[in-house]
Amino acid sequence: MDVGRITTPALLVDLDAMDSNLHQMASFFADKGCKLRPHFKNHKTPVLAWKQLRAGAIGMTCATLREAEILIHHGVHNVLIANEVADDVKAERVAELSRNASVVVAIDNCTGVKDLACAQRNRKAQIQVVVDIDIGLGRCGIRPGEDALNLAKCAVREGLAVRGVMGYDGHLQVMPQSPERDELIRTGSKSLVDSAQLLEAACIPVSIVSTGGTGTYAVSGVYPGITDIQAGSYLLMDTLYVERGASFNRSLTVLSTVVSTKGPHHAVIDCGVKAISGERGLSEIKNMPGVRLTALHAEHGLLEISGESKNPLQIGQKIELWVRYSDATVNLHSSLYGVRHGQLEEVFQIEH
């Protein structure tokens, strides 16, 4: 089916670009001791998760318990929940998942540890954890070193299976590549490895030292002692990462339709904030010099047409907008349309 027949607004992925990104990342890790554990939160699509696993990923990373449940339901049984679980109801769900799959959850406080320990006793399960260490983001995570060791000991006393440590360098993902940024990445990786060695010296075996993302994988992925990288955005590459210097191909657009015009310099499309995120800036129009998105309303996008545009936009015309922030845009859709050379090839289900 021709792309122009897809009902708009619709989320599209260029399959050639996506496949190139998939193989580029897989090739990087193919001959390394460190491996890829991609982040499911970016695409929320089980079929794409399986593509990543078949390309060499050792498991999947999740941001939420719900994402872990989705993956396990679709047969992915090696999951890291890179986030804290903060109530007994969710702890019970983690314990139930752990009965049938390898689920590792992040911890950064003893309260959460005790909730998980209670849940595993109730469900007669074994819950696995990694100590979440703050390596500079200032969000979740405990301090490296002795604080991390003491939390690991708390988890062991409560009967949890400590598998290692993790730390997310999200504050560095947004920085353009430079020697200064790369040194900060190595500093964060070192604090994780040093903390892992403290755990091992205390007879707590460490099999996971997890960090990194699409913006930092090339540095942290070769740091000695790092076991896996949580990159996710590389597959459905967006404009934001490209502007930061990522070497992957932009693959994600939103298809829209021109629904109104007012003279040669103004048009309206059926794509607003309910179809594409404007949280981190407005999107560019694909392959249309002189056409610029100026505002997003709930269901509409406003376009300005300058003299660079050779042809006026027509009502009913289809246009594509490059997705600027993939995480927030994917979350607005239930389907992802895989296109190749202007033809619809596959429809992927986005799970929520």
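**Close-up views of the predicted model**

**View A.** Strand β8 (residues 208–211) and strand β9 (residues 228–229) run in the parallel sense and are joined by 2 bridges, where two strands count as a pair if DSSP finds at least two bridges between them. S210 stands opposite D228 of β9. Both strands belong to an open sheet of 8 strands with parallel pairing, in the order β2-β9-β8-β7-β6-β5-β4-β3. Because β2 (35–36) and β3 (60–62) stand at its edges with a single partner strand each, one side of each is left without a neighbour in the sheet. The model is a predicted one, in which local features need pLDDT of at least 70 and side-chain atom pairs count only at pLDDT 80 or more, whereas totals for chains, interfaces and linings use all residues. Residues are numbered from 1 along each chain as its sequence is written, and side-chain values use heavy atoms, with hydrogens and water left out. Helices (H or I, at least four residues) and strands (E, at least two) are DSSP runs numbered from the N terminus.

View B. Helix α3 (residues 65–73) lies across β3, β4 (78–81) and β5 (102–107), and runs at about 175° to β4; the axes are lines fitted to C-alpha atoms, for helices over the stretch in contact, and the angles between N-to-C directions run from 0 to 180 degrees. L71 is a residue of this helix, and it counts as buried because its relative accessible area is 0%. Here buried means under 20% relative accessible area, exposed means over 50%, and partly exposed covers the range in between, with a 1.4 Å probe and protein chains only. Apart from neighbours within four places in sequence, L71 is in contact with F40, A49, M60, C62, V76 and V79, contact meaning heavy atoms within 4.5 Å. From L71 to V3 the separation is 68 residues in sequence and 29 Å in space, C-alpha to C-alpha.

**View C. Helix α6 and its packing partners.** The 12 residues of helix α6 (residues 146–157) reach 16 Å from the first C-alpha to the last, close to the 16 Å expected at 1.5 Å a residue, the expected span being 1.5 Å times one less than the number of residues. A148, L149, L151, A152, C154 and A155 are the buried residues of α6, and these pack against β5, α5 (110–123), β6 (128–132), β7 (161–166) and α8 (179–201). The helix is followed by G159, which has a positive phi near 95°.

**View D. Strand β15 between β1 and β16.** Strand β1 (residues 10–14) runs parallel to strand β15 (residues 335–340) and is joined to it by 3 bridges, with L12 opposite Y337 of β15. With strand β16 (residues 343–349), β15 pairs in the antiparallel sense over 6 bridges, and S335 has Q349 in β16 as its bridge partner. β15 and β16 form a hairpin with 2 residues between them.

**View E. The surroundings of S251.** S251 sits in the loop between α10 (239–243) and β10 (252–261), and it counts as buried because its relative accessibility is 2%. Not counting residues up to four places away in sequence, S251 touches L12, V13, D14, A17, M18, N21, L235, L236, M237 and W322.

View F. Most residues other than glycine have a negative phi, and most peptide bonds are trans. T8 and P9 are joined by a cis peptide bond with omega of about -5°, and P9 is found in the segment before β1. K124, in the loop between α5 and β6, has a positive phi near 55° and is not a glycine; at 73% relative accessibility, K124 counts as exposed.
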